Amino acid sequence: MKGTWSEPSAVAVWLGERPAEYAPRFAAGAYRDPGRLVTLLASAGERLAAGGDISLGFSLEQPAFLSVALVGCGPHRALPDLPCPFGR
(Lines give C-alpha, C1' and ligand atoms only; values in the text may rest on other atoms or scores of the structure.)
Protein backbone atom coordinates (compact mmCIF):
# COMPACT_ATOMS: atom_id res chain seq x y z
CA MET A 1 0.00 0.00 0.00
CA LYS A 2 1.43 3.32 -1.06
CA GLY A 3 -0.99 5.82 0.50
CA THR A 4 -4.43 7.25 1.05
CA TRP A 5 -5.86 10.47 -0.33
CA SER A 6 -8.90 12.51 0.55
CA GLU A 7 -8.80 14.71 -2.56
CA PRO A 8 -9.54 13.23 -6.01
CA SER A 9 -7.02 15.57 -7.63
CA ALA A 10 -4.21 14.12 -5.48
CA VAL A 11 -5.24 10.59 -6.48
CA ALA A 12 -5.26 11.60 -10.14
CA VAL A 13 -1.71 12.97 -9.87
CA TRP A 14 -0.44 9.82 -8.16
CA LEU A 15 -2.24 7.55 -10.63
CA GLY A 16 -0.89 9.50 -13.61
CA GLU A 17 2.67 9.29 -12.33
CA ARG A 18 2.72 5.47 -12.15
CA PRO A 19 2.25 4.62 -15.84
CA ALA A 20 4.31 7.66 -16.88
CA GLU A 21 7.17 6.42 -14.70
CA TYR A 22 7.17 3.01 -16.39
CA ALA A 23 6.15 4.03 -19.94
CA PRO A 24 9.64 3.54 -21.42
CA ARG A 25 9.46 -0.10 -20.30
CA PHE A 26 5.98 -0.91 -21.70
CA ALA A 27 6.12 -4.03 -23.84
CA ALA A 28 3.51 -2.64 -26.28
CA GLY A 29 4.52 0.58 -27.98
CA ALA A 30 0.88 1.69 -28.23
CA TYR A 31 0.76 2.10 -24.45
CA ARG A 32 3.58 4.66 -24.63
CA ASP A 33 1.30 7.05 -26.54
CA PRO A 34 0.58 10.05 -24.25
CA GLY A 35 -2.93 10.43 -25.70
CA ARG A 36 -3.79 6.87 -24.76
CA LEU A 37 -2.56 7.48 -21.22
CA VAL A 38 -4.64 10.67 -20.90
CA THR A 39 -7.76 8.79 -22.04
CA LEU A 40 -7.05 5.92 -19.65
CA LEU A 41 -6.59 8.27 -16.69
CA ALA A 42 -9.75 10.23 -17.52
CA SER A 43 -11.73 6.99 -17.55
CA ALA A 44 -10.18 5.94 -14.25
CA GLY A 45 -11.12 9.28 -12.68
CA GLU A 46 -14.72 8.86 -13.83
CA ARG A 47 -14.89 5.39 -12.29
CA LEU A 48 -13.54 6.65 -8.96
CA ALA A 49 -15.96 9.60 -8.95
CA ALA A 50 -18.84 7.18 -9.57
CA GLY A 51 -17.88 5.08 -6.54
CA GLY A 52 -15.88 2.41 -8.34
CA ASP A 53 -12.44 0.95 -7.94
CA ILE A 54 -9.52 1.04 -10.37
CA SER A 55 -7.26 -1.80 -11.42
CA LEU A 56 -4.72 -1.20 -14.16
CA GLY A 57 -2.11 -3.57 -15.52
CA PHE A 58 0.68 -3.14 -18.03
CA SER A 59 3.06 -5.71 -19.45
CA LEU A 60 6.58 -4.39 -19.20
CA GLU A 61 9.77 -5.64 -20.76
CA GLN A 62 10.08 -9.24 -19.68
CA PRO A 63 9.77 -10.54 -17.08
CA ALA A 64 7.84 -7.71 -15.41
CA PHE A 65 4.26 -6.52 -14.99
CA LEU A 66 3.03 -3.23 -13.50
CA SER A 67 -0.16 -3.48 -11.47
CA VAL A 68 -1.84 -0.40 -9.99
CA ALA A 69 -5.04 -0.61 -7.94
CA LEU A 70 -7.13 2.03 -6.19
CA VAL A 71 -10.01 1.33 -3.85
CA GLY A 72 -12.64 4.06 -3.71
CA CYS A 73 -14.18 5.16 -0.45
CA GLY A 74 -17.72 5.91 0.52
CA PRO A 75 -20.04 5.12 -0.76
CA HIS A 76 -18.83 2.35 -3.01
CA ARG A 77 -21.16 1.82 -5.97
CA ALA A 78 -21.40 -1.97 -5.68
CA LEU A 79 -21.05 -2.30 -1.90
CA PRO A 80 -22.43 0.87 -0.26
CA ASP A 81 -22.19 -0.60 3.27
CA LEU A 82 -18.52 -1.50 2.89
CA PRO A 83 -16.48 0.69 5.23
CA CYS A 84 -13.49 2.67 4.01
CA PRO A 85 -10.02 1.41 4.81
CA PHE A 86 -8.54 2.96 7.95
CA GLY A 87 -12.01 3.80 9.28
CA ARG A 88 -12.51 6.83 7.06
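The protein chain holds 2 helices and 2 strands, where helices (H or I, at least four residues) and strands (E, at least two) are DSSP runs numbered from the N terminus. Read along the sequence, these elements follow the pattern α-α-β-β. The structure is a predicted model, in which local features need pLDDT of at least 70 and side-chain atom pairs count only at pLDDT 80 or more, while totals for chains, interfaces and linings use all residues. Residues are numbered from 1 along each chain as its sequence is written, and side-chain values use heavy atoms, with hydrogens and water left out.

Confidence is given as pLDDT, the predictor's score for each residue from 0 to 100. The chain averages a pLDDT of 80, and 94% of the residues score at least 70. Among the elements, α1 has the lowest confidence, with a mean of 81, and β2 the highest, at 89. Along the principal axes, the C-alpha atoms fill a box of roughly 40 × 25 × 20 Å. Of the 88 residues, 25% are buried; buried means under 20% relative accessible area, exposed over 50%, and partly exposed in between (1.4 Å probe, protein chains only). Contact here means heavy atoms within 4.5 Å. Of the contacts with a separation of 6 or more, 51% are between residues 24 or more positions apart.

We turn next to the helix pair. Two packed helices are described by the angle between their axes and the distance between the axes. Helix α1 (residues 8–22) and helix α2 (residues 34–49) have axes that come within 10 Å and cross at roughly 145 degrees. These axes are lines fitted to C-alpha atoms, for helices over the stretch in contact, and the angles run from 0 to 180 degrees between N-to-C directions. The crossing is right-handed, a term used if the near helix is turned clockwise from the far one by less than a right angle, with left-handed used if anticlockwise. On the α1 side, V11, L15, G16, P19 and A20 meet L37, L41, A44 and L48 of α2. By class, this contact has 8 nonpolar, 1 polar and no charged residues. Ala, Val, Leu, Ile, Met, Phe, Trp, Tyr, Cys and Pro count as nonpolar, Asp, Glu, Lys and Arg as charged, and the others, Gly among them, as polar.

L37 of α2 counts as buried because its relative accessibility is 18%. Leaving aside neighbours within four places in sequence, L37 is in contact with P19 and A20. E17, in α1, counts as partly exposed at 40% relative accessibility.

The largest nonpolar core has 13 residues, and L15, L56, V68 and L70 have the most contacts inside it. Such a core is a set of buried Ala, Val, Leu, Ile, Met, Phe, Trp, Tyr and Cys residues joined through side-chain atoms within 4.5 Å. The elements giving two or more residues to this core are α1, β1 and β2. Beyond its neighbours within four places in sequence, L15 is in contact with L41, A44, L56, V68 and L70.

The peptide bond from Q62 to P63 is cis, with omega near 0 degrees, whereas most peptide bonds are trans. P63 lies in the loop between β1 (54–59) and β2 (65–70).
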